[in-house]
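Good morning, and thank you for the time on today's agenda.

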Amino acid sequence: MLDLKNIAFHAENESGTVQIIRDISLHIDAQKFVVITGPNGGGKSTLAKLIAGIEPLTEGSVIFDGEDITGLSMTDRAKRGIGFAFQQPVRFKGLTVLDLLRIAAGKTITVSEACEYLSEVGLCAKDYIHREVNASLSGGELKRIEIATILARDVKLAIFDEPEAGIDLWSFQNLIRIFEKMRESSSGRSILVISHQERILNIADEIIVLAEGKILKQGPKDTILPEIIGTQYTADVCRKLT
Amino acid sequence: MNMDAIQKQLLQEVADLHDIPEGAYNLRANGESVGRQSTANIEIVSKTEGSGIDIHIKPGTKKESVHIPVVLSESGLKETVYNDFFVGDDCDVLIVAGCGIDNCGTQDSEHDGIHRFYVGKNAKIRYVEKHYGSGSGDGKRILNPVTEVYMEEGSTMEMEMVQIKGVDSTERTTIAKLAADAKLVVRERLMTHGEQRASSIYKVELTGDGSSADVVSRSVARDRSYQKLDMCIIGNAACSGHTECDSIIMDEGRILAVPSLEANSVDAALVHEAAIGKIAGDQIIKLMTLGLTEAEAEEQIINGFLK
């Protein structure tokens with residue numbers, strides 16, 4: 001499904017070159033639920049963006065479904081089936097929720113189809129479908145709409161960058177349910193989530209711990225989770241959200 | 001009704017009309033009236049002096065519409081037309097105006113329409129005005145509309161003003177005077193491209209207690225085009241006014257936004273907002289991760305913004 005081969009990402013700042021991602025190699029199988037965790041500033045979000053093509057690789061290559069997509073734009077990667085849910089979803093003046101879901105689906109879906117995606121993420125469809133994706137929506141509402149755009153796309157690899165950030169406890173419960181449901185659906189889809197949340201880590205097949213741009217630990221949930229629980233790499237849901 | 005294919009296309013762009021509209025209408029093509037219909041409640045008559053028409057809408061007329069589109073397809077034609085609307089008390093009507101110019105020649109074509117609305121007590125008007133230009137000639141397509149609105153007590157007017165494509169030069173002026181409890185809502189959408197210049201001026205005077213105005217303009221300036229948005233609300237009574245210019249600039253586009261307020265009564269509550277900026281990079285990135293190209297993403301963002 002996805003192979004990262006010796007990838008690196010360097011950025012420039014005032015003090016020179018900073019190595020954000022250092023020589024990471026990684027394999028993700030089809031139909032796996034993988035959670036990347038680790039301390040803030042360890043390179044998690046950058047890694048996710050490198051896979052989606054939002055940031056360019058400095059070194060290495062990305063192989064997706066047997067194809068080298070290293071040189072492809074984010075548009076082409078999206079077309080090949082990579083979906084990306086942003087940590088801080090973007091607002092659009094004028095574009096409605098329905099418009100956004102239609103763009104995501106890549107075709108003219110009916111209002112009732114669009115409503116199904118919204119219901120999936122716990123939003124009452126008729127209240128939201130014609131609303132603009134603008135500042136009138138709360139952070140939690142935006143987050144759910146962001147996730148609905150991924151559901152509408154029917155991707156092969158869905159990447160979620162800190163989906164729990166900025167949502168309330170009720171939404172968080174719902175989020176877990178969405179992930180469990182996505183995981184159960186046997187479409188061969190893999191899910192890659194950047195998260196600190198123990199409850200998200202707990203439904204993972206595999207956990208990757210990333211720190212200082214390198215993979216610190218990687219393996220099945222049952223092996224990795226006991227090693228990291230209660231450390232800086234995980235956050236208890238109530239502690240983090242209250 | 002004699003209209004050629006280009007004229008019919010223009011008619012569709014400015015009035016969403018494929019054919020003869022229902023209700024009252026006056027169609028003007030290349031400086032002449034080519035079709036007109038009055039109804040029992042709406043009478044359209046030519047002005048005895050000068051060019052233009054008077055539209056008389058009987059008091060109490062409800063759920064009727066008037067279409068008065070204008071199309072110009074002859075290069076070099078310049079005209080100034082006066083259309084006066086006399087809307088009786090307690091009416092509830094839709095008025096669709098608009099002008100389409102197709103200029104394939106080398107001479108400038110210009111239509112200056114002066115619309116005056118005398119809106120009776122408690123009448124409710126929805127007014128839609130679209131401007132559109134097409135044609136590949138060097139001659140300019142020029143539209144300078146003037147809209148004057150005089151609103152009596154308790155009347156309501158919603159105005160939708162749209163100019164999205166193809167007009168080289170425009171200076172649109174809208175003046176409104178509102179009596180007590182009258183309400184004016186304006187939604188303007190403007191897009192300029194190429195070397196176009198557009199100037200949009202609003203002067204809304206709230207003279208009666210309880211009157212209100214909400215004037216919102218969304219605009220996009222592309223290529224090397226220039227826009228000036230000058231929106232002024234004057235409050236002379238216990239009234240409320242809000243004006244907003246929200247603009248996107250692209251390429252080498254330029255915009256001057258001049259929202260202004262004048263309060264002449266201690267009970268006037270007036271607000272203005274103005275924002276100009278380019279399309280946010282993260283909006284484009286989000287749509288690209290949904291599979292759109294950069295150009296497609298920009299189009300979607302602009303279409304949504306101007307919708």
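**Strands and helices of chain A**

I begin with strand β3 (residues 33-37) of chain A and strand β8 (residues 190-194) of chain A, which pair in the parallel sense over four bridges. Within that pair, Val34(A) has Leu192(A) as its bridge partner in β8(A). Please bear in mind throughout that this is a predicted model.

These two strands belong to an open sheet of six strands in chain A, whose order is β6-β7-β8-β3-β9-β10 and whose pairing is mixed. At the edges are β6 (82-85) and β10 (214-220) of chain A, each of which pairs on one side only. From one strand to the next, the twist averages 15 degrees.

Which helices lie across these strands? One of them is α1(A), which lies across β3, β6, β7 (157-161), β8 and β9 (206-211) of chain A and runs at about 150 degrees to β7(A). Another is helix α6 (residues 139-153) of chain A, which lies across β6 and β7 of chain A, at about 170 degrees to β6(A).

I turn now to another sheet in chain A. This open sheet has four strands, in the order β2-β1-β4-β5, and the pairing is antiparallel. Its edge strands are β2 and β5 (67-68) of chain A, each pairing on one side only. Helix α1 (residues 44-52) of chain A packs on this sheet, where it touches β1, β2 and β4 (59-64) of chain A. The direction of α1(A) makes about 65 degrees with that of β2(A). As we have seen, α1(A) also lies across strands such as β3 and β8 of chain A.

Strand β1 (residues 2-13) of chain A and strand β2 (residues 16-28) of chain A are antiparallel and share nine bridges. A hairpin of two residues joins β1(A) to β2(A). Two bridge positions may be located in the view: Glu12(A) has Thr17(A) as its partner in β2(A), while Asp3(A) stands opposite His27(A) in β2(A).

How confident is the predictor in chain A? The average pLDDT of chain A is 88, and 95% of the residues score at least 70. Confidence in chain A is highest in helix α2 (residues 74-79), at 96, and lowest in helix α10 (residues 237-241), at a mean of 47. Over residues 237-242 of chain A, pLDDT stays under 50, and the model has nine contacts beyond four places in sequence for this stretch.

**Chain B**

What does β8(B) pair with? It runs parallel to β10(B), to which 11 bridges join it, and Ile95(B) stands opposite Tyr127(B) in β10(B). With β5(B), the strand β8(B) pairs in the parallel sense over five bridges, and there His67(B) stands opposite Val96(B). With β6(B), the pairing of β8(B) is again parallel, over three bridges, and Val71(B) has Gly100(B) as its bridge partner.

Helix α1 (residues 5-15) of chain B has as its buried residues Gln7(B), Leu10(B), Leu11(B), Glu13(B), Val14(B) and Ala15(B). Seen down the axis of α1(B), these buried residues fall within an arc of 165 degrees, so they line one face of the helix. Just after α1(B), Asp16(B) takes a positive phi of about 55 degrees.

One further residue deserves a look: Glu298(B), placed in helix α3 of chain B. Why is Glu298(B) described as partly exposed? Its count is 18 other C-beta atoms within 10 Å, and a residue is called buried at 20 or more and exposed at 12 or fewer, so a count in between is partly exposed. Beyond its neighbours within four places in sequence, Glu298(B) is in contact with Ile279(B) and Ile284(B).

**Where the chains meet**

Finally, 16 residues of chain B are in contact with 19 residues of chain A. On the side of chain B that touches chain A, α2 (281-288) and α3 (294-306) of chain B each supply at least two residues. The largest share, six residues, comes from α2(B). By class, this side of chain B has seven nonpolar, six polar and three charged residues.

Conventions:
Residues numbered from 1 in each chain as written. Chains lettered and ligands numbered in written order. Predicted model: local features only at pLDDT ≥ 70, side-chain atom pairs only at ≥ 80, totals over all residues. Contact = placed C-beta atoms within 7 Å. Nonpolar A, V, L, I, M, F, W, Y, C, P; charged D, E, K, R; others polar. Pairing = 2+ DSSP bridges. pLDDT = per-residue confidence, 0-100. Arc of directions from axis to C-beta. Axes fitted to C-alpha atoms, helices over the stretch in contact; angles between N-to-C directions.
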